[in-house]
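Subject: Structure handed over, with notes

Dear colleague,

Please find the structure below, followed by my notes on what was found in it.

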Amino acid sequence: MISKRIIPCLDVQNGMVVKGINFVELRHAGSAVELAERYYNEGADELVFLDITASIEKRKTLVELVKQVAKVIRIPFTVGGGISELKDIEALLGSGADKVSLNTSIVKNPSLISEAAKRFGSQAVVAAIDVKNVGSQKKVFIKGGKEETELDGLEWCRKVNELGAGEILLTSMDHDGTKNGYDLPFLKQVVEDVTIPIIASGGAGTKEHFLDVFNISVDAALAASLFHYEELTIKELKQYLQSNGIRVRL
Amino acid sequence: MIALIDYGAGNTASVANVLDELNYEYIITKHESDISKADKIIFPGVGEASSAIKNLHLTNLFTMLRVTKKPMLGICLGMQLLCDKSKEGNTACLGIFPITTEKFDETKIKVPNMGWNQIKYVKQSKLFYEIPEEEYFYFANSYYVPVNENTTSICYYGIDFCSSMEKDNFYGVQFHPEKSGKMGIRLIKNFVEKC
């Protein structure tokens, strides 16, 4: 049977990895390519790169990053950050990325999901969804968490599934950076409602948090600072999960 | 020399990176003349079956690949295109393996099948030389080839499906060796040096 995936996430700005707390206050954590190689050697199942560089040169720098990463790692990786056109997706996949993560662009233009899935296959299209509690509702936020939308989190998850996304990368903004654990109640609702794999994101702080999230049938778990600052190694985490009955690749 | 086929439906960059790492000579091409000079063919594939087959016709490679006697490795969609037919877009494929590609049942299991899964050998294959059984490989597919007489390894995802097969000079793997870490690199090395 398929194993559960551990995915380090690298937020990249001008080729360097940075990490924010609750989507603000950036800290530096080293070169993206070097960190990617370290995670590959340590047994990460997959990597996610989110480019938060804000510049007109962004397209070129993202393709360049993908080329450099693809030279050194032999595991799948996803790349995201401001991707809004099919020709950008083509350039990134053609440079060695396996999947693209789409966020703001699919809220603005939902048909981009079906167009990309038709052209590159569903497996290459990750719908990244950032949710935050607003009153008693889970609202979808875009533009790196800066802008609130009218969309309800659960309904948007169903919609991207219907449109042909291959996976959902679901980030809880309330949990992100807190290290208090993933948003289990909401993740559980989404897992029961959609037919595609779910990557949980936001809140990982201990090994137990990963066990909790895999026990509610989430397929993959993402974390950033926990791995970047070596508070937890991937090997140690996987050994813990295996001894608790979770199937992992060791 | 290896011909790595670029027909607009495959991720050639990742396979090329592995060939570079192994120091093999290769050419990324869609031209029959290049392929006819090569010793071996790697046929990658991602995306959708009907448009991939359309591209093979547009590049005039359809017939050549059907009749080649050179060792040829189809990867992922590349393996599925070696079958008779695909249920994806009801596509007539190359017809080397007499079987039809089916879709995973999304009422029973999450589709696509995405991630690392173990394979079990059912027949000996040079592709798996010195690769231990139950090793993990990376899969990313919504369609699968049913287990058949040419299957060399199987994988379980809701049902048993064919993770690799071979017949004469044709080899296919459903997973992505170029994205499956050290054992994936070994498999590509085995194809080049043993097949």
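Which residue takes a positive phi just after helix 1 of chain B? That residue is Asn23(B), whose phi is about 60 degrees.

Before going further, please note that this is a predicted model, in which local features need pLDDT of at least 70 and side-chain atom pairs count only at pLDDT 80 or more, while totals for chains, interfaces and linings use all residues. Residues are numbered from 1 along each chain as its sequence is written, chains are lettered from A and ligands numbered from 1 in the order in which they are written, and side-chain values use heavy atoms, with hydrogens and water left out.

Buried here means under 20% relative accessible area, computed with a 1.4 Å probe on protein chains only. Among the buried residues are Thr12(B), Asn17(B) and Leu19(B).

Turning to the interface, 37 residues of chain A are in contact (heavy atoms within 4.5 Å) with 32 residues of chain B. The size of an interface is often given as the accessible area lost when the parts come together. The area buried between chain A and chain B, which is the accessible area (1.4 Å probe) lost on putting the two together, summed over both, is about 2,600 Å², and carbon and sulfur atoms give 54% of it. On the side of chain A, Met1(A), Ile2(A) and Arg74(A) lose the most area to chain B, together 28% of what that side buries.

The rule finds 3 salt bridges across this interface, a salt bridge being a side-chain nitrogen of Lys or Arg within 4 Å of a carboxyl oxygen of Asp or Glu. Asp98(A) forms a salt bridge with Lys179(B), with the closest N and O atoms 2.9 Å apart.

Finally, the cysteines: the structure holds 0 disulfides over all chains, where a disulfide is a pair of cysteine sulfur atoms within 2.5 Å. For Cys157(A), the nearest cysteine sulfur is that of Cys9(A), 17 Å away, and Cys157(A) counts as buried because its relative accessibility is 0%. For Cys83(B), the nearest cysteine sulfur belongs to Cys93(B), 7.0 Å away, and Cys83(B) is likewise buried, with a relative accessible area of 0%.

With best wishes

Key. Buried < 20%, exposed > 50% of the residue type's maximum accessible area, 1.4 Å probe, protein only. Helix = DSSP H or I, 4+ residues; strand = E, 2+ residues; numbered from the N terminus.
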